[in-house]
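Open the structure in your viewer and keep the selection tool at hand. Each stop below says what to pick and what is there.

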Amino acid sequence: LTDASGRLTGWRSAAPLPSPRFHHASVHHAGHVYVLGGLDRGRASRAVFRARLTAGGELGAWLSLDSLPAPRSH
């Protein structure tokens with residue numbers, strides 16, 4: 001969570017990703033958080049997920065988007 005100046009004020013549990021993920025890329029753009037690729041059960045993934053991030057730092061539900069052209073991780 002953030003205050004009006006954007007300073008981090010705390011953590012809160014949010015909706016989990018549709019599948020486990022690590023060694024992925026993450027980016028914030030135009031009010032959304034994107035998770036791209038990464039390892040899913042030890043294999044590189046093509047998955048792309050997006051969730052809306054509010055001005056107050058609340059994360060919405062994750063949506064699956066079109067996949068990457070090839071698996072990516074690290």
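A strand here is a DSSP run (E, at least two residues), and strands are numbered from the N terminus. This is a predicted model, in which local features need pLDDT of at least 70 and side-chain atom pairs count only at pLDDT 80 or more, while totals for chains, interfaces and linings use all residues. Residues are numbered from 1 along each chain as its sequence is written, and side-chain values use heavy atoms, with hydrogens and water left out.

**Stop 1: the sheet**

Now select residues 32-36. This is strand 2, and five bridges join it to strand 5. The two run antiparallel. Two strands count as paired if DSSP finds at least two bridges between them. Pick Val33 next; Ala51 in strand 5 stands opposite.

Val33 has another partner to show you. Select His28: its bridge partner in strand 2 is Val33. Strand 1 and strand 2 pair antiparallel, over five bridges. They form a hairpin with two residues between them. Click on Ala30 in the turn, where phi is positive, about 50 degrees.

Move to Phe49. Its bridge partner is Ser64 in strand 6. Strands 5 and 6 are also antiparallel, joined over two bridges.

**Stop 2: the salt bridges**

How many salt bridges does a search of the whole structure find? Four. A salt bridge here is a side-chain nitrogen of Lys or Arg within 4 Å of a carboxyl oxygen of Asp or Glu.

Select Arg7 and Asp3. Their side chains meet in a salt bridge at 2.8 Å, N to O. Arg7 is exposed at 56% relative accessibility, and Asp3 is partly exposed at 23%. The cut-offs are under 20% relative accessible area for buried, over 50% for exposed, and partly exposed in between (1.4 Å probe, protein chains only).

Next, pick Arg12 and Glu58. Their closest N and O atoms are 2.6 Å apart, in a salt bridge. This pair links distant parts of the chain, 46 residues apart. Arg12 sits in the segment before strand 1, and Glu58 in the loop between strand 5 and strand 6. Arg12 is exposed at 54%, while Glu58 is partly exposed at 33%.

Then select Asp40 and Arg21. Their salt bridge has its closest N and O atoms 3.7 Å apart. Asp40 lies in strand 3 and Arg21 in the segment before strand 1, so the pair ties together parts 19 residues apart in sequence. Are these two buried or exposed? Both Asp40 and Arg21 are buried.

**Stop 3: the largest pocket**

Finish with Trp11, Arg12, Ala14, Gly57 and Leu59. Of the 13 residues lining the largest pocket, these lie nearest its centre. The volume of the largest pocket is about 290 Å³. A pocket is found on a 1 Å grid over the protein atoms alone: an open set of points where a 1.4 Å probe fits, with protein on both sides within 12 Å along at least five of seven lines; lining residues have an atom within 4 Å of a point. The volume is the space filled by probe spheres set on the points, which are joined across faces, edges and corners.

Terms used
Helices (H or I, at least four residues) and strands (E, at least two) are DSSP runs, numbered from the N terminus.
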